[in-house]
Amino acid sequence: MEKQALDGGINYLEAFDELQQIVQDIEEGTIGVDELSVKVKRASELIRICKSKLTDTEKDIETILKEMEEE
Amino acid sequence: MSEERKTYTLMQLTSSIARMFDKYYNQSYWVKAEMHKLNLTTKGHCYPELLQKENGNIVVQMRATIWKTQFEAIKKNFEQTVKEPIKDGLTLLFLVKVTYHPLYGIGLNILDIDPNFSLGELQKERQETLLKLKAKGLLNKNQMLNIAKLPKTLAIISVASSKGLSDFLTVLANNSFGYKFHTKLFPAILDGDRAAQTILNALAQIEKHRQVFDAVVIVRGGGGEIGLTCYNNYELCAAIAQFPLPILTGIGHSTNLTVTEMIAFANAITPTQLADYFLSNFRQFDLQINELKQAVIQQTQEILRKEKRELLIQSKFFRNGASKRFLIEKERLIQIRKNIKRITNLSLEDKKLALFRVTKETKKTVQYFNKLQLSLLENKQVELKNNTRRRLFESSEIINQIKINLFNRIQTTLSNQQMHLTQFEKNIQFINPENLFEKGYSITLFNGKVISKENQPNRGDTIITQGTLGNIESVVEKVDIIPSSL
C-alpha cells in the first residue's frame, strides 16, 4: 500500500511518473529550446526527490516509531 | 477341619510373575501412546509416563524407562528426522519391552521411538492446515497484496538476541549505496510451543499501526532448524494469510517449506537473502532513475547540438547577406561624398568672390568715414582750445579779485585785533597787583592765603601784608566782622 507523502508534497511515485513523462516528451522532440530548460530543471528536481526516498531518513517516521515505543 | 493351602512367599510369587513375563512378553512391541511427561533426570535417564485417553479421560496409564544411552541415540535420530524435540504431551510410536521388577512392578522399557510416525503426524497437521486455508480461499491472499514500490519502513518480528535479526539489520545498515530503512522490532518467540501465540500477538500490535509500515518481516536463524512446526499452525497461518500488509519470511529453513513460508508474500532461505531482496528493490529503482537521467542528459545535448547547428547556418547566411549589403552601401556613400565635395567647392568659389567684392566696398566706406571723423575731431580740438583759454582768463580774473578782497579783509581784521590787544594790555596792567601796589594798595594773607570765611585769623594770629614796600608781618589785635559777610 502506498502512503501519501506525509508533508503533503509530491511523493516519489508521482515524481517518478512525471519524470518518465518528461523523458518521453524530450525524446519525441515536442519541446522547444526555451521550454527545454524548464523541463530539465524540473527533471533534476524530480530525480532528487526519487533519490532522496532511497537515501533519506524520514524524520516523521522516526518520530512515529519512537512514539510506538512508549505505548 | 481347614485344608492345607499352599502358601508362597511374596518373592516366589513375583518370581513366577517374572517368569511368565519372560515367557509371554519377551518380545518388543511397537506401541502408540501419549507421553504425558518425559521426566528426564540429571543423570540422563528418562522416566516417562505413558497413557491412553478415551473421550478425554485417562483409561490406561503406565510408567516407562528410557536409559541414558538409548535416549541419547533416540533423541538424536528423532530430532534429525522430525526436526522437533521430544517433549511432553506428544503422542509417539514407542518400541517397548514389558518389564517386571519385583520392587517396582510392571513397567515398560522404551528401546526406540519411531521418528517417521511423528513425522507423519506433523505432516498431517501441515496438510490439514493447507486444506483448511485452501477451503477458505486464503492460500494466496497475502501474496495477492500490492507491496509498495519501495518498501522502506519495516515491522520486524524476531528475537532481540537472534543472529538472524542482527544479520538482517547489518545488511540493511551497511549497504554501500547509502539506502536508508526504518525498522521497528516486535519481539516474539520464533520456535517451539509458544511461538505461534507470541507471533500472533506481535501481528496484532503491528496491525494497529499498519498505516506506518510498508511490510512485515519475520526473521530468525542461527539456532538450527528444530521446533519449526509452529509455522504449520492453522491459527498462525490464517492470521498471516489475512494480514493487511505483505509478510516476508526468512526463518533460516532450508528443507520442506512450512505452510507459513508457502503462504507468505515472499520467502527467503536466510535473513541475509531477505535483506538483499529489499536492497535490490531500491537498487532497481535507483538504476531506473539513472537511466532516465541519462536519457534526459543525452536527449537534451542532442537537441542543443541541433539548435547550435541551425544557429550556425543561419548566422552564416546572415553574415554573407550583410556583407554584400554593406559593400553596396559603402559604394553609394563614396559616390555621395564625391558629389558633396564637388558641389561644395563650386559653392565655395562663388562665396569667395562675393566676399571679396563686399570687402572692397567696406574698405572704401570705412576710409571715407574715417576722414570725416578726423575733420570733426580737428574742429572740436580748436573749439576746446579756445574755450579753455577763455575759461582760464576768467578764472584768473576772479582769483585776483578775491586776492584783493582777502587782503583788505585781513588788513581790517589785523588792525581790529591790534586795538583789542592794546586794550587788553592796558587792562592787565591795571589788574596786576604790583601795579596796584605802586598805587598803594596791599593784600593781606593769613597762612599764605587770602582772608575769607574759611581762612579767618583770630586775635593773636600772625598775618602778612604784601605791598609795594614788601611784606609786613602783624599780629591781630581785634577782628570786626561784618555780619553780611558771614
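The legends below describe several close-up views of a predicted model.

**View 1. Chain A as a set of helices.**
The pLDDT of chain A averages 83, with 86% of the residues scoring at least 70. Within the chain, confidence is highest in H1(A), at 91, and lowest in helix H3 (residues 59-69), at a mean of 87. Where pLDDT is low, the predicted coordinates should not be read in detail.

**View 2. The largest nonpolar core, with residues from both chains.**
This core has 40 residues, and those with the most contacts inside it are Phe168(B), Leu172(B), Leu274(B), Phe278(B) and Phe285(B). The elements that give two or more residues to the core are helix H1 (12-28) and helix H2 (33-55) of chain A, together with E6, helix H4 (163-173), strand E8 (215-219) and helix H8 (271-431) of chain B. H8(B) provides the largest share, eleven residues. A second, separate core of 36 residues includes Val212(B), Ile218(B), Cys237(B) and Ala241(B). In soluble globular proteins, nonpolar side chains tend to be buried together.

**View 3. The surroundings of Leu274(B).**
Leu274(B) is one of the residues with the most contacts inside the largest nonpolar core. When residues up to four places away in sequence are not counted, Leu274(B) touches Phe168(B), Val217(B), Val219(B), Leu248(B), Thr249(B), Gly250(B) and Ala268(B).

**View 4. Aromatic rings of Tyr277(B) and Phe278(B).**
The structure holds twelve aromatic pairs over all chains. In the pair shown here, the ring centres of Tyr277(B) and Phe278(B) are 5.3 Å apart and the planes stand at 75 degrees, so the arrangement is edge-to-face. Tyr277(B) is partly exposed, with a relative accessible area of 27%, whereas Phe278(B), at 0% relative accessibility, counts as buried.

Thr14(B) lies in helix H1 (residues 10-24) of chain B and counts as buried because its relative accessibility is 10%, below the 20% cut-off. The side chain of this threonine reaches the backbone oxygen of Met11(B) at 2.9 Å. Leaving aside neighbours within four places in sequence, Thr14(B) is in contact with Tyr100(B) and Pro102(B). Tyr100(B) in turn forms one aromatic cluster with Phe21(B), Tyr25(B) and Tyr29(B).

**View 5. Lysines over aromatic rings.**
Lys132(B) lies over the face of Tyr234(B), at 4.3 Å from the ring centre. In a further example, the charged end of Lys439(B) sits over the ring of Phe430(B), 5.3 Å from its centre.

**View 6. Asn146(B) in a loop of chain B.**
Asn146(B) has its place in the loop between helix H3 (115-135) and strand E6 (153-158) of chain B, and with a relative accessible area of 63% this asparagine is exposed. Although Asn146(B) and Pro246(B) are 100 residues apart in sequence, their C-alpha atoms are 7.7 Å apart in space.

Conventions:
Residues numbered from 1 in each chain as written. Chains lettered and ligands numbered in written order. Predicted model: local features only at pLDDT ≥ 70, side-chain atom pairs only at ≥ 80, totals over all residues. Heavy atoms only, no water. Helix = DSSP H or I, 4+ residues; strand = E, 2+ residues; numbered from the N terminus. Buried < 20%, exposed > 50% of the residue type's maximum accessible area, 1.4 Å probe, protein only. Polar contact = N/O pair within 3.5 Å; in protein donor to acceptor, adjacent residues only side chain to side chain. Contact = heavy atoms within 4.5 Å. Core = buried A, V, L, I, M, F, W, Y, C linked by side-chain atoms within 4.5 Å. pLDDT = per-residue confidence, 0-100. Phe/Tyr/Trp six-rings, centres within 6.5 Å; stacked < 30°, edge-to-face > 60°. Lys NZ or Arg CZ within 6 Å of the ring centre and 35° of its normal.
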